Amino acid sequence: MATADWNPLGEIYYKKCEVYSMGWSDIVDISKFEVSAAPYGGPIALLKDESKTARVQVSTKPIITVFTAAGKQISQMRWNSGSIHKMGWSHTEDLLFVQDDGVVLVYDMFLTFKKTFGMGQEAKDVKVIDCKIFSSYQGTGIAVLTSTYRVFIINSVDDPRIRRLAEVPGLSSAPSSWAVINLDRQSRALIAKGSELCLIDQGGQYQVQTPDVSTEVTQFLAMSLSFNNRCLAMFTDKGVIWIGSSDLQKKYCEFNTKSPTPPQQLSWCGAGAVVGLWGNMMLVVGPDKDWINFNFDNPVHLVEEEDGLRIIGKYQHEFLYKVPEVTEKIFKIGSMEPGAMLFEASKEFYKGSQKADEYIRIIKDKLEIAVSQCIEAAGHEIDPAKQKPLLRAAAFGKCFLTDYNPEAYVNMCQMLRVLNQVRNHVIGIPLTYSQLQHLSMPILIDRLVLRKLFYYAVKICQYLKIADAEGASRILAHWACYKVQQKNEDDETIARAINQKLGDTPGISYSDIANHALEEGRPDLATRLLDFEPRAGQQVPLLMKMHKDNIALSKAIESGDTDLVYTVLLHLKESMNQGEFFMAIRNMPIAYALFIQYCRQQNRKLMEDLFYQEDNFQEEGTCKVVNSFNEDRMEDRIEELKLAQACFTKAKNEFAKVQTEEQIKLLKYQQRLEEEMNRPYLNLSLHQTIYRLTLANNHKVAEQLRKEFKVPDRRFWWLKINALGECGDWVELERFSKGKKAPVGMEAFVEVCAKHGNMKEAMKYLVKVSPEQKVKCLVKVGERKKAAETAFENKNEEELSYVLSKCGPSDKQLVDTIRGMKQQMSRR
Amino acid sequence: MGSTGHLSNGKLNLNLLRDYYRRELLECLDKCLGSKALVWDDALTGPFGLIAEYSLLKEHEVEKMFPLSDKGLPPSNVQNIIFVTRPKLHLMEQIAQNLLQEEHKGGFRKEYHIIFVPRKSLLCEKKLKESGVYGTLHYIEEFNLSMIPFDSDLMSMEMEGAFKECYLENDYTTMFYVAQSLMTLQFLYGIIPNIQGKGDCAKNVVDMMLRMRRELGGREPQITPQIDNLLILDRNVDLLTPLLSQLTYDGLIDEIFGINNTSVKLPPEKFVSSSQSPEDAPTEKKKIILNSSDELYGELRDKNFNAVGSLVSKKAKTITAEFDERHAAKTVSEMKHFVSKLPHLQQMRQSLSIHTSIAELIKEHTDSEEFLDSLRCQQEFINGLDTDKVNTYVEDCIGKMEPLDKVLRLICIQSYCNNGLKTKVLDYYKREIIQTYGYEHLVTLMNLEKAGLLRQSGQRHYPTIRKSLKLIVDEVNEQNPNDISYVYSGYAPLSIRLAQYHARPGWRSITEVLNLLPGPTIEEIQQIPVALRKRRSSITSSHSSVMDQKVTLVVFLGGVTFAEIAALRFLAQQDDAGAEYVVFATKVITGQSLVNSLTGVHT
């Protein structure tokens, strides 16, 4: 019978089932330990304090052992700090130890030290007499009660900010019991003082209340808050359990246990029942004074969960929980609920009985509800053997529905598969379906990662098709960070192993892993890992941090990111002396070029030094040339040019050397000319200088310069003709034309006269123009008609076309004439 | 700049890119709460104008705009001052100066921010720190505007220093920006499956791109590739083409007047309407926006200038005819039809008058003796005539002190076509230039030699390249071209020939020529997940040929000329075109701007 192990508590049922037979049964006697287990099927920490149990005073430090919920040992260590007052777990499954001086030490479940912080100077000075580790809205909080009866509280161990709660007025001895209540995003403490209760908060406020208890109360010996902080249970010195709301406004019941001693543990089973534990006897009390009694063979420890209570013993790990409503609906004897009918129908169907049909007919209209009930009920079952028939019933019912959304069914199957997997004693996380809903899948995966069960985590992600970035690659990255901590393997092996697993998976940051390796003090491994990092922007800064400047530089260069190269270069420049720095970059052309570029804009002197160092005389010379233009004083200019000249000589650049020499010469000339004629000549080119001299009618000096600098005839002719034209010295122009035969031809003279609008002068030279240039020159002086005639005489069609193209709209007549000429010519 | 429809007319919707930039910009701006004043690095106003109009900025509480200058900021009562600047050290000096002055002034408390375009730079931040103003700055953001969408098939980075930095100074920062930009493009338009390229910088860019993709580690958008091929060409693979005078319409506009961020400023005289008296003629230059949203310009821009005249007059006739339709319109519906066409017609007429004026301006230039003689000289050189001795025309140009850039262009062309010049000839030219234009050009000449534009005689590759790539085409039809050589009236741009062979029959057929050109040839294939591959449409589908035309992104490292772009557009229009082209360049250049970027002492 499915209901055989149901224990009625008033109208509802409670069920206790075994989740594990403990792996520690041979070695652990739970009564000899202080026990602390994390909720949501978390690990169990045992603390054995020899000094308390040994008859002879021994000075050995306690031993701490961490087990999985299935009793498999995870880690062990001997305590080496101060005296532990309290041990507990945080919501991220870190093990917290609170010492009597208020110092909190945080370890992970492998007992690797993570961090420490204190609970304030006052707690340190006066010692802690009691401590509560509680779950707050920000995570996990710690409250300590000092010997001065003050309460200090932090709301999150991740961000420990200490707050002092209000003082309880008139408290002269330690409170008989106290608890931390978390409601409305605020943590308050409830302190029992005699028959009164005092609620104190962070704002310095307090509130004294007397709960309504029918029997006489001198003291509340124990109090316990339900998982959701909404209900409160208290045990009075007269053996009465008071159950009510945590704001003390409502009383659900009073139950007289007739026990003079308080229970070892007063807990809640979900939010529905209070459990008291006296030795091997456990009493479950419902809000309506119903009760159940359980007896154990061995001592046990109770762990509250949001939907039940775990009972950890030497041999067994059991779970006590309220039979869920939906399960009750299906399995309760005589139930006529759709789910129950469907379950029956499915059973009959697999038996091959036609009764299946009858059952289905009964619930025909409510089949959808029936399916949902079976799916839900399957979720609440812990034993796969019980999940299966329920799921089978759901699947069977689904067949009769046409448009049933299969998502709920598929999801449940997937969730159960994952749950069954993590519940397996190898992993040992006895999580229920409702707990998983509250915890969420990503956190469950995180918890697997915390246990270093990377393989399972990856498999689950793949099974649930979680995107790689949040799933598999994230886990692999965690795995890699763990891997780099393994000191027994050499760098090469680890680097290779990591790369093999991770490959080029998107979302993996090799630089993060490398950073981890660096923190572990393994720079070589970090370097190797960084080799796999494709993002230079991540790689280079870390390499610099590791003082692998040369690798950083070459990686930066590979990336092509100029800014990154500069980052390394400037760092190098500051950390080395100049000589070393130059040596370091000389073999890296890109870095060298970029540094030069930087110098070009910021530090030209340094650039010259570099060229000098490199025997790059050509570039050094160029620098000097540029410098010469920036100097104001003539002597300095010439000095720079002389230096440049020397450089060019060394660079075997004969041309540049000669040019520089001539420039020096020219500058000296120009300086003298300025002095003599009081006109600006400096900064002009040789050509311009001669031109200016010609304009100024100083033909003698012009001629002298021409000879000195060997100006070619052709250019000199152009220069002189143009200069004379510009200043309108037509006499001199004519004289010039009659001198040596012009290498540019007479047409140049025509051109310059035409350019300056002196057609009369132009005509003088026109007669001397060579025949083939005549037409062009005639056009230039505006004699288009004559030009056309000449072209016609020359029988040159091309020339005719040229004249034609130069005709404007006003030359209509001429255009006609030329057309006529062309026709005439083509006729011949 | 309201309408941006022209950006989405191409095969690749560049409005997507523009929207992406707008979002990024606004995200930057919205970080600063309250009213803002923007202080502009002058070089950025043009590109920004193409991305975000003032009204948009206004919506995001930009109340004032100032140019960045040494003089400091004018008084204003905005809450935020945002400097929008390129990461250049001399600009940092100005910003620092501005900030120090502001501190001195006191008064209304403001917050100061910097937006770096396209990227933050460590050196700049260091400079700001050294100037002691780094702490004053609140936000230091970067806005990665690197591809300015000029037209539906053209993006430019407008980085004029790219050629010089890469080939002269071995500073490949711009190439890094190019690689990043290509990643942005792949983010918006999908991974480009086929990559080919030629040249050292191309290799550099491809390596960085592949590396960046690895860095992304699979986090890339799942988009079916909209760009099929990526072709990356180094400018130094073809140093000849940009030196020659462009003969297309927009090429000439750029050469003569300079097109900046798709707009050109022209002398106003030609644009005076007949009703205006000459006295009140505007003196300010007339600014005209040139992009394909102007229908007529879209048709004219790629034509050889010799074909522009006839096309313009043909258009004029059509329009007149269409206007005359109103006389023929008898019925109400005919009238209505005419009226509906009216705005378009009026717009066309206006555009026609603008382009007639521009054409006249250009004609003045192209008819000039200087232009024609220079063109003749260029033609001689590229045909390999008398390239081995000192050219008299070049000598005369020097003698007449014509602009240095013109002279240098000619000498560089000669050097290229002669496979370098004999030492005697080269030294003669160099000496002439130094004597005429000044000793400071010793540095210019050294730069040109370093960049490979001027060379001593070397191996004779040019004749082979010219022959095998058919660079010289004698029978050119300028009106109805049948070959890309129309853009230079008889010379087919080497770079575009490479693109042409790339599309069909493929570079394997010209391996030998490729080996003669400098730098490595690159070929990479980027794997695309099967699900994202383009499905081959079945052979039976009738319009498959249109749908299937591949999109090729051509990247010019070190700049591209308008004539080259025209040639690419011409290729895409051919019946047997292998691809539709989208151009992305570090800058739209002319021979003049290329040579000038290497000029002088003032580095």
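How many salt bridges does the structure hold over all chains? I found 79 salt bridges over all chains, a salt bridge being a side-chain nitrogen of Lys or Arg within 4 Å of a carboxyl oxygen of Asp or Glu.

**Entry 1: basis**

I note that this is a predicted model, in which local features need pLDDT of at least 70 and side-chain atom pairs count only at pLDDT 80 or more, while totals for chains, interfaces and linings use all residues. Residues are numbered from 1 along each chain as its sequence is written, chains are lettered from A and ligands numbered from 1 in the order in which they are written, and side-chain values use heavy atoms, with hydrogens and water left out.

**Entry 2: chain B against chain A**

I looked up the contacts (heavy atoms within 4.5 Å) and found 52 residues of chain B touching 58 residues of chain A. The buried area between the two chains is about 4600 Å², with 54% from carbon and sulfur atoms; buried area is the accessible area (1.4 Å probe) that two parts lose on being put together, summed over both. Arg211(B), Gln435(B) and Tyr439(B) supply 16% of the area that chain B buries against chain A, more than any other three residues.

Between chain B and chain A the count is eight salt bridges. Lys776(A) forms a salt bridge with Glu369(B), with the closest N and O atoms 3.7 Å apart.

Which element gives the largest share of the side of chain B that touches chain A? I found that α16(B) gives the largest share, nine residues. Elements here are DSSP runs, helices being H or I of at least four residues and strands E of at least two, numbered from the N terminus. The elements of chain B that give two or more residues to this side include α8 (200–216), α13 (369–382) and α16 (423–437). By class, this side of chain B has 16 nonpolar, ten polar and 26 charged residues.

**Entry 3: a pair within a helix**

**Entry 4: sheets of chain A**

I took two strands as paired if DSSP finds at least two bridges between them. One open sheet of four strands in chain A has the order β7-β8-β9-β10, with antiparallel pairing. β7 (84–89) and β10 (113–117) of chain A each have a single partner strand, so one side of each is left without a neighbour in the sheet. Four bridges join β9 (residues 104–107) of chain A to β10(A), and Leu105(A) has Thr116(A) as its bridge partner in β10(A).

Another open sheet of four strands in chain A runs β11-β12-β13-β14, with antiparallel pairing. Its edge strands are β11 (128–136) and β14 (163–164) of chain A. Eight bridges join β11(A) to β12 (residues 139–146) of chain A, and Phe134(A) has Gly141(A) as its bridge partner in β12(A).

**Entry 5: a hairpin**

Five bridges join the antiparallel strands β21 (residues 240–245) and β22 (residues 251–256) of chain A. Leu248(A), in the hairpin of β21(A) and β22(A), takes a positive phi near 65 degrees.

Definitions and conventions
Ala, Val, Leu, Ile, Met, Phe, Trp, Tyr, Cys and Pro count as nonpolar, Asp, Glu, Lys and Arg as charged, and the others, Gly among them, as polar.
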